[in-house]
Amino acid sequence: MAELFCKVSLNNIPDPNISGLEPSERIVSACTHLQAFFPHLKRVYDQQTDLQPPASPLLTQLNNVITRSRRLKNSIGSLYESIFPNVPLPDPAEGPTPLPPSQTVFQQKVYGCVVLKTYKEFLMNVVKELRKLRSRTY
């Protein structure tokens, strides 16, 4: 039953799919999508601080996800710059991703589940994309 709640479609959560035809466009898409997830991950963390005890392993893991995501964005940006040194990484065209309004505890849990499930799907797409890129460059 809980798995069904994680499949709910919510507005404003970034798409897990990477777009673009050229490798440079796909790397930019991955970087842009990754940045769009940051406020959602932070929101899930903030919501969980209200629901979990301070020493909760969940809070530690969510904090690790946020930290690693920022490192991943920097790594993808560095990769882009090394492969395409004459083409600067464009700034994200979109403004900040809007976050949902106040939510009940149940809505917070569903939101967190959807964000994390979508983010996991996005990361799997990033791995596939980086593997394709690596196979083209070697």
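## Aromatic pairs

The structure, which is a predicted model, holds 4 aromatic pairs. In one of them, phenylalanine 37 and tyrosine 119 have ring centres 5.0 Å apart and ring planes at 65°; because planes over 60 degrees apart count as edge-to-face, the pair is of that kind. Phenylalanine 37 belongs to helix H2 (residues 23-51) and tyrosine 119 to helix H4 (residues 105-137), so that the pair links distant parts of the chain, 82 residues apart.

Phenylalanine 37 and tyrosine 119 are both buried. Ring pairs also bring in Phe122, which forms a cluster with Phe37 and Tyr119.

## Salt bridges

A search of the whole structure finds 3 salt bridges. In one of these, glutamate 129 joins arginine 26, and their closest N and O atoms are 2.8 Å apart. Glutamate 129 lies in helix H4, whereas arginine 26 lies in helix H2; the pair therefore ties together parts that are 103 residues apart in sequence. Both residues of this pair, glutamate 129 and arginine 26, are buried.

Glutamate 129 forms a further salt bridge with lysine 132, where the closest N and O atoms are 3.7 Å apart. Glutamate 129 and lysine 132 both lie in helix H4, 3 residues apart, which is about one turn of the helix. The relative accessibility of glutamate 129 is 9%, and this residue therefore counts as buried; lysine 132, at 39%, counts as partly exposed.

An α-helix has 3.6 residues a turn, so residues three or four places apart point the same way.

## Helix H3

Helix H3 consists of 27 residues (residues 57-83). At 1.5 Å a residue, helix H3 should span 39 Å, and the 38 Å between its end C-alpha atoms agrees with this value.

The buried residues in H3 include Leu59, Leu62, Ile66, Ser69, Lys73, Ile76, Gly77 and Tyr80.

## A charge over a ring

The charged end of arginine 70 sits over the ring of phenylalanine 38, at 4.4 Å from the centre of that ring.

How values were computed:
Residues are numbered from 1 along each chain as its sequence is written. This is a predicted model: local features need pLDDT of at least 70, side-chain atom pairs count only at pLDDT 80 or more; totals for chains, interfaces and linings use all residues. Side-chain values use heavy atoms; hydrogens and water are left out. Helices (H or I, at least four residues) and strands (E, at least two) are DSSP runs, numbered from the N terminus. The expected span of a helix is 1.5 Å times one less than its number of residues. Buried means under 20% relative accessible area, exposed over 50%, partly exposed in between (1.4 Å probe, protein chains only). Rings of Phe, Tyr and Trp (its six-membered ring) pair if their centres lie within 6.5 Å; planes under 30 degrees apart count as stacked, over 60 as edge-to-face and the rest as tilted. A charge sits over a ring if NZ of Lys or CZ of Arg is within 6 Å of the ring centre and within 35 degrees of the ring normal. A salt bridge is a side-chain nitrogen of Lys or Arg within 4 Å of a carboxyl oxygen of Asp or Glu.
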